[in-house]
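This report goes through one structure in short sections. Look at the sequence and the model first, then read on.

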Amino acid sequence: MARYLTHRLLLMIPTLLVVAVIIFVLVRVIPGDIVELRLVSGGSFVTASVIEAERARLGLNKPIWRQFVDWMSGLPRFDLGTSMWTAAPIAKEIALRFQLSLQLAIMSTLIAVTLALPLGIAAAVRRGTWVDHVVQILSVAGLATPSFWLGILLLLFLLSNFHWLPPLTFTPLWVNPKANLLQLIWPALAVGYRYSAVTTRMTRSAMLEVLQEDYVRTAWAKGLAQRVIVIRHALRNAMLPVVTVIGLEFAFLIGGLVVTEQVFNLNGIGKLFVDAIARRDYTMIQGLLLLVATVYIVVNFLIELLYVWLDPRVSYG
Amino acid sequence: MPRVYRRQRIWLARFVRRYPLGAAAGIAILGLTALAGLANQLAPYDPLANDFGTMFAAPGARHWFGTDAFGRDVLSRVLYGARTALLVGFAASLVGATIGGIVGVAAAYFGGTTDLIIQRLADIMISFPIIILALAIVAILGSGTFNLIAAIALSFVPRIELVVRASALSVRETTYVEAARAIGARHWRIVFRHMVPNVTAPYLVMLTAFLGQAILLEASLSFLGLGVNEPTPAWGLMLSGAAVEFVQRAPWMAVFPGLAITFTVLAFNVLGDSLRDALDPRLRT
């Protein structure tokens, strides 16, 4: 087990290395660079020498391989370089937004899981009844509703009833917990609905499968209480695919909320990414893409660890 | 009806009987396609015509869905927006599923290093959320309807490739593929004549599953200003800017395009679910 884990952890390094190479190439293919965008697009006249000087200052005149080596050599020290737009260190800029995105992701997950598990279990246990139908309709609708549109509707509701507008700045949890939660609960709800729909469907279908197993029939035959059968015997075995879905959705929320963050005026990772693309901020785009891929790979690793804990039969020898 | 279609007709009749919801969704999609196709006849107004005399008009007899910040008729724009949504949805998922399917079959057939490289690339592409991948591709290609289709299609490719490859792996081991190889058939003949037709089920299932996703992605990217360009009527574009800014004054600007998206995606998802259950229940997710 320990050997397998170290092996898996070490394997992440070459994977991330390949990811980094692909990202670097991808970003250089984006047409137009930041210098043109910042100096020329304003319509003002700039001499070629000024443009060249600016490119030299940002290191854009160096050969591509040199830029690549510069970037890669910083990575082991978590040095992602400096933003071409704000000149602040990328790691610092990302850290500022990361706490917002992480908190939003955790809150949405909590909302989704508290909704999805009971609903999914109830639908599976009462298959074919009205409970099942209502849950199915709710989750099919949840998959079809764009989160950002739900966000706009929530805004409309809050504006009309409480004259609430999304605050312009983010209040961290430890500065003012109440203001912080009030700010993030609405986007968390908008995102959480879709998230819970995905999870509910998975819980329902995994439970349906497990409830047909022989050991569940044996449990019934032994005369165990329904609660015990459903929770201890069935749910635990149905959790593997559910945990996978929750993990993957969680990874998606870090950085994937590009649109919902826009609606609620939140300065998260997703908004930073959209801004970075609009500004051709190469170093920032690189850093963010690498972050998103790393989160995904790490979450996948954690899911695998959870498998072992959930199902003792799974062992990575 | 000619005899050749008999099997398909029987299949369709059974599908309608066993999956009435899926059949209803299919009819809804046909209806939507008709609405989109006939938009130029059905739309009461020119979707692009500004009329500053009737800005923010509430829904009523003259404008059923109200008007927007430029006095444009929201109903007409929703109808024309259906064209954009369906065009992008169908084109992107068709292109994405086809490329993904062919690559998946090829990877399974050739195996070895080819397969290994393709799988590693697919794994890496999958480690980015679809929307991030699509955004990055749009940034490279530039915005606009055609580039948007390409970006969405490309970001679907690895996801579809993985599923089709898994099915193709078992097809590769069948006796008929072995027989084809034994009589000296060429690679491309085995791939296209023998393997591709036998992975149509997962191909179709993935295609319909991604149709709704493509429409959601189109709306999201257009909302960000990185998809369809103004003034082309598109649901995502209609939701951005003024619709959010004036949501209290003119809620119909935000409500109707959003309903259109939800309804369309819902229809595609329901049809997709039924089709999956009918064609290949193993793909249940």
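## Chain B as a whole

Along its sequence, chain B reads α-α-α-α-α-α-α-α-α-α-α-α-α. That pattern corresponds to 13 helices and zero strands. The model is a predicted one.

The C-alpha atoms of chain B occupy a box of roughly 75 × 45 × 30 Å along the principal axes. Chain B has 285 residues, and 48% of them count as buried. Of the contacts in chain B between residues at least 6 apart in sequence, 70% link residues at least 24 apart.

## Two crossing helices in chain B

Helix 6 (residues 130–141) and helix 7 (residues 145–172) of chain B have axes that come within 8 Å and cross at roughly 140°. Helix 6 of chain B is therefore oblique to helix 7 of chain B. The crossing is right-handed.

On the side of helix 6 of chain B, the contact is made by Ile130(B), Leu133(B), Ala134(B), Ile137(B), Val138(B) and Leu141(B). Helix 7 of chain B contributes Asn147(B), Leu148(B), Ala150(B), Ala151(B), Ile152(B), Leu154(B) and Ser155(B). Sorted by class, this contact has eleven nonpolar, two polar and no charged residues.

## The largest nonpolar core

The largest nonpolar core has 164 residues. Which of its residues touch the most other members? They are Leu288(A), Val292(A), Ala134(B), Leu135(B) and Ile152(B). Helix 4 of chain B (residues 74–110) gives the most to this core, with 16 residues.

Ile152(B) also belongs to the contact between helix 6 and helix 7 of chain B. Leaving aside residues up to four places away in sequence, Ile152(B) touches Val88(B), Ala92(B), Gly96(B), Ala134(B), Ala214(B), Leu217(B) and Glu218(B).

## Where the chains meet

In the contact between the chains, 35 residues of chain A meet 30 residues of chain B. Several helices of chain A each supply at least two residues to the side that touches chain B, including helix 1 (2–29), helix 10 (226–256) and helix 13 (282–310). Helix 7 of chain A provides the largest share of that side, seven residues. By class, the side of chain A that touches chain B has 29 nonpolar, six polar and no charged residues.

## A residue with positive phi

Most residues other than glycine have a negative phi. Asn265(A) is not a glycine, yet its phi is positive, at about 60°. This residue lies in the loop between helix 11 and helix 12 of chain A.

Is Asn265(A) buried, exposed or partly exposed? Asn265(A) counts as partly exposed because it has 17 C-beta neighbours inside 10 Å, and a buried residue would need 20 or more.

Note on methods
Residues are numbered from 1 along each chain as its sequence is written. Chains are lettered from A and ligands numbered from 1 in the order in which they are written. This is a predicted model: local features need pLDDT of at least 70, side-chain atom pairs count only at pLDDT 80 or more; totals for chains, interfaces and linings use all residues. Two residues are in contact if their C-beta atoms, placed from the backbone, lie within 7 Å. Helices (H or I, at least four residues) and strands (E, at least two) are DSSP runs, numbered from the N terminus. Ala, Val, Leu, Ile, Met, Phe, Trp, Tyr, Cys and Pro count as nonpolar, Asp, Glu, Lys and Arg as charged, and the others, Gly among them, as polar. A nonpolar core is a set of buried Ala, Val, Leu, Ile, Met, Phe, Trp, Tyr and Cys residues joined through C-beta atoms within 7 Å. A residue is buried if 20 or more other C-beta atoms lie within 10 Å of its own, exposed if 12 or fewer, and partly exposed in between; C-beta atoms are placed from the backbone. Axes are lines fitted to C-alpha atoms, for helices over the stretch in contact, and angles run from 0 to 180 degrees between N-to-C directions. Angles under 35 degrees count as roughly parallel, over 145 as roughly antiparallel, 65 to 115 as roughly perpendicular and the rest as oblique. A crossing is left-handed if the near helix is turned anticlockwise from the far one by less than a right angle, and right-handed if clockwise.
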